[in-house]
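Thanks for coming, everyone. Please look at the screen, and I'll walk you through one structure.

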Amino acid sequence: MRIAGLQKLTLLDFPGRTAATVFTPGCDFRCPFCHNADLVTGGGAGAQDIPVEEVLAFLRKRQGLLDGVCVTGGEPLMQPGLAEFCASARELGYAMKLDTNGSFPDRLRALLDAGLVDYVAMDVKNAPARYAETCGIEGLDLAAVRASIDLLMGGNVPFEFRTTVVRELHEPDDLRALARWIEGAPAWFLQSYVDAEGVLAGPGRFHAWNPDDLRALLPELQAFVPSAELRGAD
């Protein structure tokens, strides 16, 4: 397993946990609004990795101070040693959270069936009609994403869906269609896009919705997903 970064403390990323965050390089999507562009595109042989044992040594030292580990990316399910890392961290007493784009449902199922993940955050990018555009992958087959949504919705591992709302990529009807797609989800967070220098498509190309417009639309979305909430829409 390749590890490209370590955030030693987060109070926000893992609900109910004081956690560290592990960043893995490489992703099969090219979402143009992605903030982790260096991770998405910088997963080549020349990238500077942190040895897995170094991260595990850090976790050993933090036993009793931290109680969770978030694994994010990039797309962590691309990492062949992910299961072994999760098992090692769990042996140290840590709960595991996985961030994923849902494109590897069989690998996700294997982790869940093995009891190696305690919480999943899956990005649901957009309504089906605009998913390929939003992911930056022409002709994207949505079968894998659909399978991951169904897997989480039909399982017993706590999870959340999350959508980064971008003015140029999400019309109100797109969000309504997405709400119908994930109807009944136990948690759905709509996150306002924040521009930054490290965005994959470059700064200045994309913009956030007006927060008042997003708040006004929220009750319509909650008709299908009562748990829907805004995150960062200030």
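How exposed is A114? A114 is partly exposed, because its relative accessible area is 48%. On our scale, buried means under 20% relative accessible area, exposed means over 50%, and partly exposed lies in between, using a 1.4 Å probe and protein chains only.

Some ground rules. This is a predicted model, where local features need pLDDT of at least 70, side-chain atom pairs count only at pLDDT 80 or more, and totals for chains, interfaces and linings use all residues. Residues are numbered from 1 along each chain as its sequence is written, and side-chain values use heavy atoms, leaving out hydrogens and water.

Back to A114. It sits in the loop between helix 4 and strand 5. A114 and A87 are 27 residues apart along the chain, and their C-alpha atoms are 9.3 Å from each other.

Now helix 4 itself, residues 105-113. Helices here are DSSP runs of H or I with at least four residues, strands are runs of E with at least two, and both are numbered from the N terminus. Which residues of helix 4 are buried? They are P105, L108, L111 and L112. They span an arc of only 125 degrees around the axis, so they lie on the same side of helix 4. That arc is taken from the directions from the helix axis to the C-beta atoms. Here is the general rule: an α-helix has 3.6 residues a turn, so residues three or four places apart point the same way.

On the other side of helix 4, D106 and D113 are exposed. What covers the buried residues? The cover includes helix 3, strand 4, strand 5 and helix 6. After helix 4 comes G115, with a positive phi near 70 degrees.

Next, helix 2, residues 52-61. Its buried residues are V55, L56, F58 and L59. They fall within an arc of 155 degrees, so they line one face of helix 2. They pack against strand 1, strand 2, strand 3 and helix 3. Packing rests on contacts, meaning heavy atoms within 4.5 Å.

Finally, the whole protein. It has 8 helices and 8 strands. Its radius of gyration is 17 Å, close to the 17 Å that the globule rule gives for 234 residues, so the protein is as compact as a globular protein of that length. The radius is taken over C-alpha atoms, and the rule is 2.2 Å times the number of residues to the power 0.38. Buried residues make up 49% of the 234.
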